[in-house]
Amino acid sequence: MNEVILTMEGIDKSFPGVHALDHVSLEVAKGEVHALMGENGAGKSTLMKVLTGIYSRDAGSIVYDGRKVCFSSPREAQAAGIVIVHQELNMMGHLTVAQNIFIGREHTRGFLIDDAQMNDAARQLFRQLNIDIDPKEKMGRLTVGKQQMCEIAKAISHEAKVIIFDEPSAALTDTEIEQLFRIIRVLRNKQYGIVYISHRMDEIKQITDRVTVMRDGKTVGTLITAQSSKDDIVRMMVGRVIFEKPKTVSHVPADAPVVLKVANLNAGRMVRDVSFELRKGEILGFSGLMGAGRTETARAVFGADIKESGEVFINGKKVQIHSPQDAVREGIGYLSEDRKRYGVVLKKNIVENSTLACLRRYVKRGDLIDSTAERKDTTAYVAALKTKTPGIEQLVMNLSGGNQQKVVVAKWLISNSNILIFDEPTRGIDVGAKQEIYELMNLLVKEGKSIIMISSEMPEILRMSDRIIVMCEGRITAEFDVAEATQEKIMNAATRDIAV
Amino acid sequence: MTRATGKSIIKAIGTQRLVIIGVLIVLFAFFSIASESFRRYTTLITMSSYMYYIMLMSIGVTFPLLTGGVDLSIGTGVICYSIVGSFIIRQMGMPIGVAMLVTIGMGVAIGFFNGVIVAKLELPPFITTLCSMMIVRGLGSILTGGMSGVWPMAGQDGSWFRDLFKVTIDGTIYPVGMVLIIILVTVMSIVLNHTRVGRYILAIGSNKEALKLSGVNAARWHIMAYVFSGFFAGLAAIAYAGTFSNITPGTGAGLELDAIGGAIIGGTAMTGGSGSIIGTFLGVCLISLLKTGLPYIGLQANWQQIITGAIIITAVTIDMARNRKQRAG
């Protein structure tokens, strides 16, 4: 093995009431991609924050590049060569790419900033990584994937020796992930030490050399990736085995009625002539690359965006949906991919969130809200959906991603939605909770609900869908029954236009 | 070729700013046609002397706005600093140069105070500056014992400061203050776009957390935005003293809204991150033109308020629609 660049040993950290890190150890070698895995709340982020000086440690030692270190701020860690590429990208959208990369280290001539030189320097960085981005472009106008590449370029420009990727693929499309991996391999060859935090098992197998698994603030162990199986790792993470088996046949009876029919829908550049049918008890998967128009289609159907043309039928009856209110009245519920922004009201409790979409039903006597009824229904759904919370008064911001998602589901069930649109239902949700969301979706369709599931994760699409629609550049390019669908076929349809 | 050059010129000026220039020309033509008395050189002088202090305040307040904040304290601040300045001259017998320095110094001090509270204690800028607006309103009266402010009149000792804004040669008044304004607009444009303080102020409005994580002492630069605002309020106080002979303590509330309005019309986003000093300049020109021109067609000050309000709503709506389109395209 290569020379070790970073050793963290016996790291201990407590917050009031929580023992966040309990003698955690981690070792990273030069030219190694080291995965750090664990469920949400296992302590991965805390560990990285201790490393980069955002938190101070209670005990333990960090040896970096041959000497003991103790950083008191991210700035110090950065200066020493430890850089995080954050999960939530830290970019300033109004500034240009080059301005972002060199923020805090501007090249100056006297009082004036030398933007031309910074643009050149950025161009040079991109050349090193073999990526094509215009340094003069405003950061906010790049795709998430490209923004991330800029973050990586920034890390390299800091003369980093250790680069930490915090769930880098969470918002990327498959092609972007491939490009990310290409860059990570370049970095590995250049002898950087790389920490790779991710929930995605297939990525871990693909890109990492070793895996350290954390659970409940403790290190469970370190494995050599090539010598361990998926189940080995997952078992260490959750203490139980999860089998990710794809659905092989559709569970929808052949005579199930069509509950939603969309005909020749057009809405902007991203939704062109889209037609499909959803049947009772069906999970209809929408696959495609990021930007294929799936979310836009869902939003247009739901009335959140303006439709240019097209018809929507519910239970065979033509309906006019001009706004989300109309959609809710027709029994459609939409679970946004960006849960924190569009799904839940973070600073309100579970009750308030659950009854948000149909508060009218709980209003009586003038305009007073009947909180007893509200609480009764919420309690019932918290129990039915197995939402893990100390109580229904808990603020939603304090729940984990999986449990937040359940609150959103409860919201739509309470408002009697029969058609649920799940947009990236498990984004940012850890493995154990993912399983529960899947079970929940299966339960919902068994009870006669119908689900449209938009997902960028191929295993998820293959595992959950009865039927799969593939979109590419705003158009439907293929439709498969799950029995005939394969990853290759879907990928082909998703990239049809791009590949040529 | 010509088309490409044309396009790049349009791009450089910015669509919103072009629209304002268009509106300015149309309005000016309209007032000139509608009213004979508007078509006089003296109208320009009236307009410019009103414009100076609003312009200075507006340039200053652009910086807190760019951070996503606001500075409400500049309105009453202008009056307070100006009264204190006059107190220094009248009661303490100091030379006018000292009075000017103190006036500006007070603006800087209050700006620094606002900045520290917003950036270090992380109070919302609206609340912070609303409170300091009240504080400076009281402070002016207390420091000077409730006296009105009077700066040296023409012919008196120290009246040279009035020459900074208008010079009378052979009975003709020249608004030399415009030269000062144009210099300041140029300098502050460079500060905003080509120096670190400007860059970081834009970055704070864009994503302060990201700036901090980049290892920049964001609080320090955040404070600077409010110091700029206070500094320009101090300059505005001098311009105000040059325009009005008598400064009543406790007034000034509302002036800040004209200044903020000018910046917003000029395309500064209240959410921070984008805007320009030239935009602010044009925005204030528009407000001043309305304020001066409307009485000539028989509409009084109240109408000017209503029209300014409507223009701000229109400007922001256009700006938001364009941003949305940009994002979609």
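Colleague: In which loop is Glu159(A) found, and what makes this residue count as exposed?

Modeller: In this predicted model, Glu159(A) belongs to the loop between α5 and β9 (162-166) of chain A. Its relative accessibility is 66%, and exposed means over 50%; Glu159(A) therefore counts as exposed.

Colleague: Why is Ser323(A) called buried?

Modeller: The relative accessible area of Ser323(A) is 18%, and buried means under 20%, so Ser323(A) is buried. Ser323(A) lies in the loop between β17 (317-319) and α10 (324-329) of chain A. Neighbours within four places in sequence left aside, Ser323(A) is in contact with Phe302(A) and Gly303(A).

Colleague: Why are α4(A) and α5(A) called roughly perpendicular?

Modeller: The axes of α4 (residues 115-129) and α5 (residues 144-157) of chain A cross at roughly 105° and come within 10 Å. Angles of 65 to 115 degrees count as roughly perpendicular, so that description applies to α4(A) and α5(A).

Colleague: Which residues of α4(A) and α5(A) meet?

Modeller: From α4(A), Leu125(A), Phe126(A), Gln128(A) and Leu129(A) meet Cys150(A), Ile152(A), Ala153(A), Ile156(A) and Ser157(A) of α5(A). By class, this contact has 7 nonpolar, 2 polar and no charged residues.

Colleague: How much area do chain A and chain B bury between them?

Modeller: Chain A and chain B bury about 1,900 Å² between them, with 56% of it on carbon and sulfur atoms. The contact takes 25 residues from chain A and 25 residues from chain B. On the chain A side, Met92(A), His94(A) and Ile113(A) lose the most area to chain B, together 26% of what that side buries.

Colleague: Which residues touch the most other members of the largest nonpolar core?

Modeller: They are Tyr53(B), Trp151(B) and Leu211(B), in a core of 92 residues. Another core, of 71 residues, lies apart from it and includes Ala298(A), Ala327(A), Phe422(A) and Ala494(A).

Terms used: Residues are numbered from 1 along each chain as its sequence is written. Chains are lettered from A and ligands numbered from 1 in the order in which they are written. This is a predicted model: local features need pLDDT of at least 70, side-chain atom pairs count only at pLDDT 80 or more; totals for chains, interfaces and linings use all residues. Side-chain values use heavy atoms; hydrogens and water are left out. Axes are lines fitted to C-alpha atoms, for helices over the stretch in contact, and angles run from 0 to 180 degrees between N-to-C directions. Helices (H or I, at least four residues) and strands (E, at least two) are DSSP runs, numbered from the N terminus. Angles under 35 degrees count as roughly parallel, over 145 as roughly antiparallel, 65 to 115 as roughly perpendicular and the rest as oblique. Contact means heavy atoms within 4.5 Å. Ala, Val, Leu, Ile, Met, Phe, Trp, Tyr, Cys and Pro count as nonpolar, Asp, Glu, Lys and Arg as charged, and the others, Gly among them, as polar. A nonpolar core is a set of buried Ala, Val, Leu, Ile, Met, Phe, Trp, Tyr and Cys residues joined through side-chain atoms within 4.5 Å. Buried means under 20% relative accessible area, exposed over 50%, partly exposed in between (1.4 Å probe, protein chains only). Buried area is the accessible area (1.4 Å probe) that two parts lose on being put together, summed over both.
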